[in-house]
Amino acid sequence: MDHIITQVSNPKEEEVIFNPEKASQSSSLKKQRSRSIFSTLFCCFRSYNVEAAAPNAPNAPNAPNAPAGSLPPPVEENGSPPKPPAKHLLPEVMISDHGKKCVVIDLDETLVHSSFKPISNADFIVPVEIDGTVHQVYVLKRPHVDEFLQKMGELFECVLFTASLAKYADPVADLLDQWGVFRARLFRESCVFHRGNYVKDLSRLGRELGDVIIVDNSPASYIFHPENAVPVQSWFDDMNDTELLDLLPVFEGLSKEDEVYGVLQNLRGR
């Protein structure tokens, strides 16, 4: 069965996701099947102990295995970084985006949190077909995500880049992005499958790296280019969270810089 969502584990759900054997032996077959679906479909980074990347040979922490039936992402050869793609992942820059920096934005635990367990206050319920059965995915929007996306769309060329599969992430993006902020959407097949991990290789985008910023809650995702990252805390259900709102002044400043490295280095040094 496909792993359709790549996300950091919710501490509240970690016992179910990672320790199904601890469930009561008296549970019904239906409950056991539900747990199996839940634990199989959610691919979670359990640790942020990201190994430092050596020159020309990046590493990454534990991540899910490639799903059966999905397009395989580029794979390294003999321990070397993958070769550049025959063509770039992104199309030519739109006229309206000329002169703007490119911001790559993650989906799960950065903008939303999704679950196969029913959520009473879900913003969206997205049906996803898996092995001939339709499952409901319950999606919560992070506080201030609407304001964040609208402002980012004004300041930058924005790209959605997720390690989840398109059959889940694309309909979520349709519901989330009501303003057409994302100029492009990249999914798992656009990641580099490097030493057993899904990594978002910014050098494959077709943009100058000095003009690219990645916003992601998982350091594993940007292990190749940590100097381009604006890290965010993983979000699950805290409706008092203000991180996206707090980041807007930072991005307003970045939009006016000649290149991003100096500002991002200062941010990391705080």
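A: The part in question is formed by helix H3 (residues 145-155) and helix H5 (residues 243-254), which pack at an angle of about 10 degrees with their axes 9 Å apart; helices here are DSSP runs of H or I with at least four residues, strands are runs of E with at least two, and both are numbered from the N terminus. This is a predicted model, in which local features need pLDDT of at least 70 and side-chain atom pairs count only at pLDDT 80 or more, while totals for chains, interfaces and linings use all residues. Residues are numbered from 1 along each chain as its sequence is written, and side-chain values use heavy atoms, with hydrogens and water left out.

Two packed helices are described by the angle between their axes and the distance between the axes. The axes are lines fitted to C-alpha atoms, for helices over the stretch in contact, and the angles run from 0 to 180 degrees between N-to-C directions. H3 and H5 are therefore roughly parallel to each other, a term for angles under 35 degrees, whereas angles over 145 count as roughly antiparallel, 65 to 115 as roughly perpendicular and the rest as oblique. H3 passes H5 in a left-handed crossing, that is, one in which the near helix is turned anticlockwise from the far one by less than a right angle.

On the H3 side, the residues that take part are Val145, Glu147, Phe148, Lys151, Met152 and Leu155, and they meet Leu244, Leu245, Leu247, Leu248, Phe251 and Glu252 in H5, where contact means heavy atoms within 4.5 Å. The residues of this contact of H3 with H5 divide into nine nonpolar, no polar and three charged; Ala, Val, Leu, Ile, Met, Phe, Trp, Tyr, Cys and Pro count as nonpolar, Asp, Glu, Lys and Arg as charged, and the others, Gly among them, as polar.

Among contacts in the chain between residues at least 6 apart in sequence, 74% join residues at least 24 apart.

Elsewhere in the chain, His113 lies in strand S4 (residues 112-115) and counts as buried at 3% relative accessibility. The side chain of His113 makes a polar contact with the side chain of Glu109 (2.5 Å), such a contact being a pair of N or O atoms within 3.5 Å, of which, within protein, one must be able to donate a hydrogen and the other to accept it, while residues adjacent in sequence count only if both atoms are side-chain atoms. Glu109 lies in the loop between strand S3 (102-105) and S4, is buried at 0% relative accessibility, and has a positive phi of about 70 degrees although it is not a glycine. Most residues other than glycine have a negative phi.

Asp216, in strand S11 (residues 212-216), is likewise buried, with a relative accessible area of 1%, and the side chain of Asp216 makes a polar contact with the side chain of Lys200 (2.8 Å).

Key: Buried < 20%, exposed > 50% of the residue type's maximum accessible area, 1.4 Å probe, protein only.
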